[in-house]
Amino acid sequence: MKQVANFINGQSVTTGNTFEKISPVTGKPVALIHEADRATVDQAVAAADAAMSGPWGKMPLAQRCQLLYKIADEIERRMDDFVAVECEDVGVPEAMARTIFIGRAAFLFRMYADQAREHLDQAYNFDTPDGGRALAYTYHRPKGVIGAIAPWNVPMLLLAFKVAPAMAAGNTIVAKPSEVTPQSATLLAEVMKSVGVPDGVYNVVHGFGRESAGEYLTENKSVMAYSFTGESTTGAVIMRAAATGLRDVSLELGGKNPAIIFADANLDAVFPGSSMSCFSNTGQICLSTERLYVQRPIYEEFVERLAGVASAIKIGGPFETGVQMGPLVSHNHREKVITAIESARDEGGQVVYGGEIPEFGDERDGGAFIQPTIITGLPESASFVRNEVFGPVTHIQPFDEEDEAVHMATNTAYGLTSTIWTQDISCGHRVASQMKSGLIWLNSWQLRDLRAPFSGHGLSGVGTQGGRESLEFFSDVSTVTLKI
Ligand code: NAD
Ligand code: 6OH
């Protein structure tokens, strides 16, 4: 079987301890992953630390940026290889892997190269109290070794959100991909090597969280900051570990994202938009919508039509013609989603569509598939309405007045994204101004300029990602002031 090794100081590093990567499409093992023990993780951090004092640490910004461009080019040249491993690991339809998972990841390496040149240093001249002038300018220095701990839902893109700005700002990296999706981070190591990134700048360690590579990485005090994407509870554990030595954290965490659909909305746009926001990547996108609030005059029609859209979604493996939705990422995760749907039934919810495991009559029956699922009739206090499920599930609730919708939409400890559908521009902006979330969409979903800031409020995160914001996180800044 295919073996996936760690990557340290430019070399593949195998360990005596392997675990299986199981296909979410068939349930069969597809690769053996070499789990890093504490000594292997420490070796990766030491390599990253040493690389800060090597050619990388002395490389001028412009040259670093040229390397980032080459990485983007090489990712695109090897697009088919990346798409193959993301499809194998996640089970996502090929077209989505190509455009979002890998296409956007390549884009990020170019974007951060441009942004680093534009934003890293600033200068101000100003009046002094004695009537003279002074000049203040900044140095942005890399923080050092960055621990990049990534989730399984959009593996390459979410890793690139960390690695590209961290490298643009001159840092070195130890990446810990999810144990469920280990392959694209390892393929990225091949890219780094082939374009001439100095050894030790980008390292990969494989393994789990607790008592494995993730925890060992958070316990190594030579790591100066952690960029983490994953569950809110894991974020809290990492923040606690990073407090030792006062190391910095950037946390992109879970969500329970609402959409408010007003009766005047353009329904021709709302249905494809809502279907995408609830079901694309099998609901496993942090930006996904799990709560829909629909104004009463269109509520009945809306539920019926969305159920129709959900029932027409073609479910299957990544490379099947016309497939729109793949499996969940793993059988473990499907158990969690099924448990959440059962809890919704127990709490009085009606499953309007879905909730079942589809039958194919072939090897896909061994996979982790589930139907897109629409539920109605739950109180706001129900666990299904309050807690993130992270599957192709949504709850639809009617509302009468704007204030009521705003109240229900914001009645959550999370604050990642909100979506508003209305043709009344004033209403749209009024409601947007009251949403407590990092991203707010009006009449669209997932439309992003990746230079724009993105932060999670409340349980959804700590810190802000974006062009300038990410570069700031990965830098230590000094201000030099000179009296002229
Ligand atoms: P997770 O928290 O289980 O795991 C994320 C990563 O952390 C994995 O690499 C895992 O091995 C590692 N990890 C787990 N425990 C650890 C520990 N104690 N110490 C160090 N590392 C540890 O999350 P997941 O299940 O992989 O991802 C799904 C979650 O991620 C969802 O909650 C989703 O909302 C969230 N997410 C958020 C965003 C965002 O931008 N806000 C984006 C994508 C996913
Ligand atoms: C978290 O899952 C974020 C995903 C981001 C995107 O899919 C995107 O396209 O920006």
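Tutor: Domain bounds, which we shall need for both sites, come from an automatic or database domain assignment. This is a predicted model, in which local features need pLDDT of at least 70 and side-chain atom pairs count only at pLDDT 80 or more, while totals for chains, interfaces and linings use all residues. Residues are numbered from 1 along each chain as its sequence is written, chains are lettered from A and ligands numbered from 1 in the order in which they are written, and side-chain values use heavy atoms, with hydrogens and water left out.

Student: Why does ligand 2 lie between domain 1 and domain 2?

Tutor: A residue belongs to the shell if one of its heavy atoms lies within 4 Å of the ligand. The shell of ligand 2 includes I100, R104, Q446 and R448. Ligand 2 lies between the domains because residues of its shell come from both domain 1 (2-253 + 460-483) and domain 2 (257-449).

Student: Which polar side-chain atom lies 2.5 Å from an oxygen atom of ligand 2?

Tutor: A polar contact here is a pair of N or O atoms within 3.5 Å. For Q446 the distance from a polar side-chain atom to an oxygen atom of ligand 2 is 3.1 Å, and for R448 it is 2.8 Å. The side chain that reaches an oxygen atom of ligand 2 at 2.5 Å is that of R104.

Student: How much of the accessible area of ligand 2 does the protein cover?

Tutor: Accessible areas come from the Shrake-Rupley method with a 1.4 Å probe. Of the 300 Å² that ligand 2 has on its own, the protein covers 99%.

Student: Turning to ligand 1, which residue places a polar side-chain atom 2.5 Å from one of its oxygen atoms?

Tutor: Around ligand 1 there are 31 residues, with K176, E179, T234, L253 and E388 the closest. The side-chain contact at 2.5 Å to an oxygen atom of ligand 1 belongs to E388.

Student: What share of the area that ligand 1 exposes alone is buried by the protein?

Tutor: Taken alone, ligand 1 exposes 840 Å². The share of this that the protein buries is 92%.

Terms used
A polar contact is a pair of N or O atoms within 3.5 Å; within protein, one must be able to donate a hydrogen and the other to accept it, and residues adjacent in sequence count only if both atoms are side-chain atoms.
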